[in-house]
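Hello,

Here is the structure for you to look over. My notes on the helix packing follow below it.

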Amino acid sequence: MRPVTRRQADHHAARSAATRAQVMSTLERLLDSGESFSEISVQRILEEAGVSRATFYAHFHSKSDVLVRLTDELRESLLTLARQWDPGAGADRFARFFEEVIKIHRAHQGVLTAVREAASYDSAVGDFYTADLEGFDEAVLRTLLSEQAAGATPADLDAVAASRIIVWGGAQAIAHHIRVDDGSGDAVFARELARIWWHGAYRRPAGAR
C-alpha cells in the first residue's frame, strides 16, 4: 500500500489536472460560440467553469496563459504531422497532408482565431504564435535542404526564403480559406496549396525564371 502522503499527492495532482482541463475547455467553448477573446473576461471564465479566482490563479498566470496552454497540444499535433513530411511522396501526398491540417484548424477554429487576434496585442501570445510558425518554418527548411542535398530540389532555390514564404504565407492562406469557405472547397484548396509548394519549391525546374 502506498503511503498516505503519496495517495494525497496523487489525488491533488488529479484534481489540479481536472481543474486545468475544466478552465481550458470552458475558454474553448466560449471561443467556439463566436465570442471574441478580448471580450471574454477572467470573471466570465470563472463563472462558466465553476472555479474560484484563487483556484484559477493557482493554475494559470492569466487569461492568455489559458489560451497558450490550450493551443500547445494542438501545435504539437500539427508539428508531428509536419515532421512526417516525405517530399519524395509527391504533390498528392502533400494535398492529403494539407487536408488533415485544414481539418484540425476547422475543429479548433475558435482557439486559432483567438491566438491570431491576441498575438497582435499580447506579447506572451505573440511570442507563442511566432514560435509556432517558426517551428513549421524550421521543419520545411530541413526538408528543402535535404532535398537539395539529394539533388531533387534545384540548388539555385533559396531554401531559407522559400520556407518562410510557403509557411508564413500558407498559414495566412489557410486561415482566410477557413473564414470564407464552408468546408466544401477544402479538398481543392489543399490540392492547389500542395501543388504550389511542390512545383514552386520542392520540384521547381532548375534555372526557372
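**Helix packing around α9**

α8 and α9 are roughly antiparallel to each other. The model is a predicted one. The angle is about 170° between helix α8 (residues 159-180) and helix α9 (residues 186-202), and angles over 145 degrees count as roughly antiparallel. Their axes lie 12 Å apart. The crossing of α8 past α9 is right-handed.

On the α8 side, the contact uses Ile166, Val167, Ala173, Ile174 and His177. α9 supplies Asp186, Phe189, Leu193 and Trp197. By class, the contact of α8 with α9 has 7 nonpolar residues, 1 polar and 1 charged.

Next, α5 against α9. Helix α5 (residues 91-107) packs on α9 at about 130°, with the axes 8 Å apart. α5 and α9 are therefore oblique to each other. Their crossing is right-handed. From α5, the contact takes in Ala91, Phe94, Ala95, Phe98, Glu99, Ile102 and Arg106. The α9 residues include Asp186, Phe189, Leu193, Trp197, Trp198 and Tyr202. The contact of α5 with α9 divides into 13 nonpolar and 4 charged residues, with no polar ones.

Ala155 sits in the loop between α7 (123-149) and α8. Is Ala155 buried or exposed? Its relative accessibility is 74%, so Ala155 counts as exposed; the cut-off for exposed is over 50%. Ala155 is 128 residues from Leu27 in sequence. In space, the two are 47 Å apart, C-alpha to C-alpha.

Best wishes

Notes
Residues are numbered from 1 along each chain as its sequence is written. This is a predicted model: local features need pLDDT of at least 70, side-chain atom pairs count only at pLDDT 80 or more; totals for chains, interfaces and linings use all residues. Side-chain values use heavy atoms; hydrogens and water are left out. Axes are lines fitted to C-alpha atoms, for helices over the stretch in contact, and angles run from 0 to 180 degrees between N-to-C directions. Helices (H or I, at least four residues) and strands (E, at least two) are DSSP runs, numbered from the N terminus. Angles under 35 degrees count as roughly parallel, over 145 as roughly antiparallel, 65 to 115 as roughly perpendicular and the rest as oblique. A crossing is left-handed if the near helix is turned anticlockwise from the far one by less than a right angle, and right-handed if clockwise. Contact means heavy atoms within 4.5 Å. Ala, Val, Leu, Ile, Met, Phe, Trp, Tyr, Cys and Pro count as nonpolar, Asp, Glu, Lys and Arg as charged, and the others, Gly among them, as polar. Buried means under 20% relative accessible area, exposed over 50%, partly exposed in between (1.4 Å probe, protein chains only).
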